[in-house]
Amino acid sequence: MCPRPLVTGDRRCSNGWVNSPLPDRDRSSPDDGGAPVGRRLVLAMLGLGAAGVVAAPVLQRTLEDGLGAVADKDPTGLTGLLPNGGGFRYYSVTTSVPEKTAADYRLTVDGLVDRPATYTLDSLKALPQTRMVRDVQCVTGWRVPETPFEGVRLSALLDAAGVRPGAKAIRFTCFDGAYSESLTLEQASRPDVLVATRMRDEPLAHAHGGPIRLYVAPMYFYKSAKWLSGITVTDSVRPGYWEELGYDVDAWVGRSNGRDDAPTV
Ligand SMILES: Nc1nc2c(c(=O)[nH]1)N[C@H]1C(S)=C(S)[C@@H](COP(=O)(O)O)O[C@H]1N2
Ligand SMILES: [Mo]
């Protein structure tokens, strides 16, 4: 299955599905006078050329699309783990993502901190957990109402690490080996930003970025990096994966990316 091509031509369907948080209006036509962010993104994508397509393999499907279709195409072996999707879509910028369990999952906190740390899954679960129930909004338009997330406040991990004076931002990296995200230190200190251990009142499934993902409640869902493995405190914001391709770094729902969705918090 190959949905609407991102740009004219079908070369980017050679790897599977399109995966972009790009709004549909821009995906269907780069020249339809859409929002400036869309044009910027399309130009960035075009600029990538063939190498970019290889570097950013494409995958997108709805978890509830029908597992048969997914099984036919799925190069990742995730199919058996797919939970009831509840309207969520599976996103990954890589064709496969290793599975991590309590035995081999690690989260490192480093950079401009006094006490760098490495957490295991068990050590994260042993810390105080915060549960929040908010809508999830993807920048492509889909929204899932009232989704429970649970986890450790990012601010608690930062406090434990001792953020040094002069620190301004956080860079997040993922064990898929490709995705990254960023927040300012002020954003990262909000009580509604979690290092999530659970989603929808279940342990985080691999398809949803388990065992640990970031959850940034007030921002578009691309900020909620899946398969989180690194938290690095830095002296300036380094734009994340999609932000390098034109999406807003400050991705407040309803106040960014040229969109007017209802805020999620
Ligand atoms: N590591 C990683 N995290 C990611 C992405 C990704 O491709 N890789 N996609 C982002 C986008 S655009 C969305 S909408 C959500 C999708 O989360 P879901 O697969 O749990 O629905 O994950 C975000 N975090
Ligand atoms: Mo997204």
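Visitor: What makes strand β3 (residues 107–111) and strand β12 (residues 228–234) a pair?

Guide: Strand β3 (residues 107–111) is joined to strand β12 (residues 228–234) by 4 bridges, and the two run parallel. The strands themselves are DSSP runs of E with at least two residues, just as helices are runs of H or I with at least four residues, and both are numbered from the N terminus. This is a predicted model, in which local features need pLDDT of at least 70 and side-chain atom pairs count only at pLDDT 80 or more, while totals for chains, interfaces and linings use all residues. Residues are numbered from 1 along each chain as its sequence is written, and chains are lettered from A and ligands numbered from 1 in the order in which they are written.

Visitor: How do you know that β7 pairs with β12 and with β8?

Guide: Strand β7 (residues 169–174) has 6 bridges to β12, running antiparallel, and 5 bridges, also antiparallel, join β7 to β8. In β8, Ser180 is the bridge partner of Thr173. The strands β7 and β8 form a hairpin with 5 residues between them, and Gly177 in that turn has a positive phi of about 85°.

Visitor: Why are β4 (117–119) and β8 (180–184) called edge strands?

Guide: The open sheet has 5 strands in the order β4-β3-β12-β7-β8, with mixed pairing. β4 (117–119) and β8 (180–184) each pair on one side only, and this is what the name edge strand records. Neighbouring strands of this sheet are turned by 15° against each other on average, direction ignored, where the axes are lines fitted to C-alpha atoms (for helices over the stretch in contact) and angles run from 0 to 180 degrees between N-to-C directions.

Visitor: Why is Trp227 called buried?

Guide: A residue is buried if 20 or more other C-beta atoms, placed from the backbone, lie within 10 Å of its own, exposed if 12 or fewer, and partly exposed in between. Trp227 has 27 C-beta neighbours inside 10 Å and therefore counts as buried. Trp227 lies in the loop between β11 and β12, and has a positive phi of about 55° although it is not a glycine.

Visitor: What makes Asp201 exposed?

Guide: Asp201 has 11 other C-beta atoms within 10 Å, which falls within the limit for exposed residues, so Asp201 is exposed. Asp201 is found in the loop between β9 (193–199) and β10, and also has a positive phi, of about 60°, without being a glycine.

Visitor: Why is Gly166 called exposed, and which residues does Gly166 touch?

Guide: Gly166 has 8 other C-beta atoms within 10 Å and is therefore exposed by the stated limit. Gly166 lies in the loop between α5 (154–161) and β7. Leaving aside residues up to four places away in sequence, Gly166 touches Leu112 and Asp235, a contact being a pair of C-beta atoms, placed from the backbone, within 7 Å. The C-alpha atoms of Gly166 and Leu112, 54 residues apart along the chain, are separated by 8.2 Å.

Visitor: What makes up the shell around ligand 1, by class?

Guide: The shell has 12 nonpolar, 4 polar and 3 charged residues. Ala, Val, Leu, Ile, Met, Phe, Trp, Tyr, Cys and Pro count as nonpolar, Asp, Glu, Lys and Arg as charged, and the others, Gly among them, as polar. Of the 19 residues around ligand 1, those that come nearest are Phe88, Tyr91, Tyr179, Tyr222 and Lys226, where a residue is near a molecule or strand if its C-beta atom, placed from the backbone, lies within 6 Å of it. Domain 1 (11–91) and domain 2 (107–245) each supply at least three residues to the shell, with bounds that come from an automatic or database domain assignment.

Notes: Pairing = 2+ DSSP bridges. Contact = placed C-beta atoms within 7 Å.
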